[in-house]
Amino acid sequence: MNSVLAKISALTKNIVLAKFALFLCIACSLACALISLPLKAETLAAPGDYQALFSQSADTAQLVALSQKLNLGETVRGHFVQSRQLKVLKKPLISQGLFIFDKEQGLIWQQIKPFESLLILKDKQLIQRDSQGRVQVSKADASASAAAMGDLLPSLVRAMLGGDISGLSENFELHFLITDSLSPDGQWQLGLTPKDPLMKKAIANMVLEGSDVLQSLVLLSAAPNVTPQDMTRIDFSALSQGTLSEAELAQYALVLEASKP
C-alpha cells in the first residue's frame, strides 16, 4: 500500500494521517513494493485527456443519475488491476488482486500479484498484513487531522462502490462529462478535486470512469495540463453482489484480533 502514494509520507510527519491518505488509491495504499511488468502504452491515458472533464462542473441531476448507476447494494466484490506510472520510470508498476466492500464491515483490499498482502479499512482503523503474515494497525484517533481523514475516506469508498456520492461535494469540487453519448451504456467521467490543501498536495485530482458500473479510478499527482506527472489507474472487473461468506467474514475478523492488547 505504501508505494501507491509514497509521496504522501514526505508531505506530512503524521504517520497515521499518511497511511489513511494512502488509502485514497481506493481509496487506498495498494501495495508495499510493486515490481515492473510489461504493459501496453495505450493502457494508461495521458493526463491531458482529462482537461475537458475538469473544465466543467457537475450538476445535481447528473449526480443523482450517477448515484443510481453506481449503487450495487450493501456488498460488492470484484477484481482489480492497478497500473502506476511514475515520471522517473519508463515502465508502469502493476499489481492485481481482489476486493470486497461491505457497508457495515468496511473494505478489504487483497493483493495477489506480484506478492500477497491484505488491507482492511474498518471503523477508522487500517489493518495491514504483509506477505509474511505480519500485522500492523493504524488508528485515526491520533490527531484531529487524522480523525477527519478517517471520516472522509470511508465516504469516498462508499461513493465509488455504493453509489453514495451526495456528500462528496463537501470535500471535493465535482466535475462530470459524458464521454460517449452514443454508447448504449453511456460512458462517463466524474472528476474530483480535493478542497483540503494537504490532500490536494498528495492527490491533485481523481477521476472515476464507467458506464452502467464503475470501471476505473485514476489518480493524478498534478493538474491535467501538467506533464510529466505521476499517474495511477485502477481498473475494476467482475463486480458482483451477495451476502458475505464465512471466509470473507473471517477476513474482517482480523480487525478484532489485531486490536487485542
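User: Then is E248 buried or exposed?

Analyst: E248 belongs to helix α6, residues 246-252. Its relative accessibility comes out at 12%. The cut-off for buried is under 20%, so E248 counts as buried.

User: Which residue meets E248 in a salt bridge?

Analyst: Side chains of opposite charge can pair when their charged atoms come close. Here the N to O distance is 2.8 Å, and the pair links distant parts of the chain, 171 residues apart. The partner sits in strand β1, residues 75-85, and is buried with a relative accessible area of 15%. That partner is R77.

User: How many salt bridges does the structure hold?

Analyst: Among them, D130 pairs with R134, with the closest N and O atoms 2.7 Å apart. D130 is partly exposed at 22%, while R134 is exposed at 52%. The count for the structure is four.

User: Which residues are linked with R233 in a network of salt bridges?

Analyst: R233 is buried, at 14% relative accessible area. One of its partners comes within 2.9 Å, taking the closest N and O atoms, and that partner, D235, is partly exposed at 23%. The residues networked with R233 are E209 and D235.

User: Where is S216 found, and which side chains make polar contacts with the side chain of S216?

Analyst: S216 lies in strand β10, residues 214-220, and is buried at 0% relative accessibility. It touches V207, L208 and I234, among others.

User: Which residues of helix α3 are buried, and why do they line one face?

Analyst: On the other side of this helix, A61 and Q68 are exposed. The buried ones are L63, L66, S67 and L70. Seen down the axis of α3, they line one face because they fall within an arc of 105°.

User: Where in the protein chain is confidence lowest?

Analyst: The chain averages a pLDDT of 74, and 71% of the residues score at least 70. Over residues 1-42, pLDDT stays under 50. Where pLDDT is low, the predicted coordinates should not be read in detail. Strand β2 has the highest mean, 92, and the lowest, 35, belongs to helix α1.

Methods
Residues are numbered from 1 along each chain as its sequence is written. This is a predicted model: local features need pLDDT of at least 70, side-chain atom pairs count only at pLDDT 80 or more; totals for chains, interfaces and linings use all residues. Side-chain values use heavy atoms; hydrogens and water are left out. Helices (H or I, at least four residues) and strands (E, at least two) are DSSP runs, numbered from the N terminus. Buried means under 20% relative accessible area, exposed over 50%, partly exposed in between (1.4 Å probe, protein chains only). Contact means heavy atoms within 4.5 Å. The arc is that of the directions from the helix axis to the C-beta atoms. pLDDT is the predictor's confidence in each residue, from 0 to 100. A salt bridge is a side-chain nitrogen of Lys or Arg within 4 Å of a carboxyl oxygen of Asp or Glu. Lists of a residue's contacts leave out its neighbours within four places in sequence.
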